[in-house]
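Here is a short briefing on a protein fold. Look over the sequence and the model before reading on.

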Amino acid sequence: MPFAGSASQLDALCERLGALKLRPGDSLLVVDNSPSARSLDGRSRAVSVLRAAERRSPGFARNRGAAEGHSCWIVFIDADATPHPDLLDRFFDPPPDARTALLGGGVIDEPVTANAPVAARYAYLRGSMSQERTLRSGQWGYPKSANIACRRKAFEAIGGFREDIRAAEDADLTYRLRAAGWEIERREAAAVVHSSRATLAGLIKQQLQWGAGGAWLERQYPGSVPLASGSGLLRWALRETTKGFTRIRLGDRDALIYAILRPLEGLAWELGRLLSNERRDR
């Protein structure tokens with residue numbers, strides 16, 4: 001699990017992960033990829049922590065963590081996701097096919113109440129982190145690395161995650177595994193609950209980063225990410241906003257949130273294409 005945050009957040013994360021049920025030979029590791037120079041202060045934690053910030057990218061952190069283990073399967077989870085205690089058993093029930101290298105676990109957006117902050121409520125209504133959003137793209141579908149399991153021999157054979165990009169490393173990993181002849185299976189019952197962005201700024205920043213990753217994918221794998229542009233993009237945003245407002249009933253906060261934030265999300269994602277997805281060494 002890659003992590004970037006404060007020492008107190010790290011402690012809380014390790015406590016949360018400690019609830020996972022393990023079998024002999026299983027191990028848990030958090031890879032601290034935080035930007036600040038700090039030592040792991042030696043305090044006792046429920047989960048092992050590895051400091052690795054030479055390159056600040058999720059791919060680098062995951063690769064460093066994977067290199068520390070020896071089990072034939074590696075499970076990757078986002079730091080802002082809470083796994084079901086039986087997650088590991090659920091990933092392997094039923095046993096994967098011999099040609100399967102990647103298992104896509106379920107990702108559930110954090111349930112929030114109707115009066116929750118706008119960004120969090122929108123993420124819940126939209127199902128922003130659902131695996132269905134990326135797996136439904138046919139030959140270009142992929143499971144989000146927020147919750148996946150990968151067969152070690154396949155992972156190591158293709159060189160693991162790319163370490164020089166900020167986003168879309170999970171799609172790139174999937175495409176390279178497929179090119180090497182491996183298959184994907186879904187494991188929705190092996191689920192995590194993913195925390196939502198609590199602010200509009202956080203939501204927009206996320207979409208900008210995903211947009212940069214999408215543009216990078218389209219350059220690397222032409223046809224993988226359909227991209228809108230120019231006046232067509234603006235017409236789409238206006239059409240979506242108008243459509244949303246026509247469906248709003250008096251007092252329907254959810255419909256209003258969706259009508260405003262759906263086009264904003266799309267515009268932020270497309271604008272993210274202008275940003276670099278490269279991550280250089282410190």
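This is a predicted model: local features need pLDDT of at least 70, side-chain atom pairs count only at pLDDT 80 or more; totals for chains, interfaces and linings use all residues.

Residues are numbered from 1 along each chain as its sequence is written, and side-chain values use heavy atoms, with hydrogens and water left out.

**Overall make-up**

- The protein has 10 helices and eight strands. Helices (H or I, at least four residues) and strands (E, at least two) are DSSP runs, numbered from the N terminus.
- Of the 282 residues, 47% are buried. Buried means under 20% relative accessible area, exposed means over 50%, and partly exposed lies in between (1.4 Å probe, protein chains only).
- Take the contacts (heavy atoms within 4.5 Å) between residues at least 6 apart in sequence: 72% of them join residues at least 24 apart.
- The protein exposes about 13900 Å², and carbon and sulfur atoms supply 54% of that area. Areas come from the Shrake-Rupley method with a 1.4 Å probe; for residues, only the protein chains shown count as cover.

- Three strands form an open, parallel sheet in the order 1-2-3. Strands pair if DSSP finds at least two bridges between them.
- Strand 1 (2-3) and strand 3 (48-51) are the edge strands, each pairing on one side only.
- Four bridges link strand 2 (residues 29-32) with strand 3 in the parallel sense. Asp32 has Arg51 in strand 3 as its bridge partner.
- Helix 2 (residues 58-67) packs on this sheet and touches strand 1, strand 2 and strand 3; its direction makes about 140° with that of strand 2.
- Helix 1 (residues 7-17) lies across strand 1, strand 2 and strand 3, at about 160° to strand 2. Axes are lines fitted to C-alpha atoms, for helices over the stretch in contact, and angles run from 0 to 180 degrees between N-to-C directions.

- Strand 4 and strand 7 (residues 147-151) run antiparallel, joined by five bridges. Ile77 stands opposite Asn147 in strand 7.

- Leu264 sits in helix 10 (residues 253-271).
- Leu264 counts as partly exposed because its relative accessibility is 32%.
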